[in-house]
Amino acid sequence: MPRCEDVLVEEHLRELAARLQGPARLKTDLLTEARHGLLDAVEAYREDGVPPTEAQRRAVAEFGTPAQLLPSWQAELAVGALRGLSLRMLAVAGVLVVAGDLTWSGATWSDGPRPPAVYLLLSASVDWIWMGALLFAVAGLLVVVASGRSARPGLVVAQRAVGAGLTGTLVLGMLAGGALFAWSIGLWDAALSWPPMIIGAVLISAAYFSLTRAARGWLRATAR
């Protein structure tokens with residue numbers, strides 16, 4: 001357990017925490033592991049008769065400066081952020097690809113006039129966008145697994161490429177999906193009161209929010 005006199009250790013950890021960006025749980029795990037290592041080193045020095053303050057100074061110096069530690073730690077956080085984004089996209093895109101048409105199933109207006117050709121093209125585009133997002137999500141998970149086994153520089157490029165693809169398809173999917181929903185309401189007044197449409201809109205909005213947070217986290221982790 002950290003003691004109140006371990007000031008230098010806690011200051012060092014606070015400095016690291018302030019400069020790290022990435023998934024909160026992974027960041028906490030890294031800092032907790034670092035704290036345990038530092039305190040063990042301090043305790044070993046104290047047992048050898050080194051004064052408390054000097055023991056902390058030596059332990060912190062041996063552990064490494066933020067400039068030395070941040071590159072590898074931030075790289076690990078960036079991989080964790082890509083993993084989280086890929087998993088969320090895999091879940092959301094998978095549901096949208098498989099069950100996206102369920103919001104229209106049994107609609108009272110489905111037997112009416114055929115929608116405009118541009119509307120049908122937009123509808124098909126939404127399906128293809130989320131299919132692409134699904135493929136990017138799978139690629140992201142494969143890159144994450146490969147990154148855990150190797151530190152080749154090419155994997156960093158692959159991480160950025162896949163993350164950018166996921167973020168780009170998310171933006172396209174949100175824009176195209178929002179346009180399709182708005183157009184549907186304009187074509188069929190009953191769409192706004194159709195329960196599957198309402199439920200679908202709420203669930204998709206929540207999914208968009210979750211994905212946006214994950215994408216923002218990946219961008220911040222990668223920018224550092």
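In the predicted model, Arg58 and Glu54 are joined through their side chains by a salt bridge, with a nitrogen-to-oxygen distance of 3.1 Å. Both residues belong to helix α3 and lie 4 residues apart, so that about one helical turn separates them. A salt bridge is also formed between the side chains of Glu54 and Arg57, at an N to O distance of 2.5 Å, and these two residues, 3 apart in helix α3, are likewise separated by about one helical turn. Through shared partners, the salt bridges link Glu54, Arg57 and Arg58 into one network.

Because its relative accessibility is 2%, Gln56 counts as buried. A polar atom of the Gln56 side chain is placed 2.9 Å from the backbone nitrogen of Leu8.

The structure contains 4 salt bridges, and one of them brings together the side chains of Glu10 and Arg35, with 3.0 Å between N and O. Since Glu10 is located in helix α1 (residues 7-19) and Arg35 in helix α2 (residues 24-47), this pair ties together parts that are 25 residues apart in sequence. The two partners fall into separate accessibility classes, as Glu10, at 17% relative accessibility, lies under the 20% cut-off and counts as buried, whereas Arg35, at 23%, counts as partly exposed.

Conventions. Residues numbered from 1 in each chain as written. Predicted model: local features only at pLDDT ≥ 70, side-chain atom pairs only at ≥ 80, totals over all residues. Heavy atoms only, no water. Buried < 20%, exposed > 50% of the residue type's maximum accessible area, 1.4 Å probe, protein only. Polar contact = N/O pair within 3.5 Å; in protein donor to acceptor, adjacent residues only side chain to side chain.
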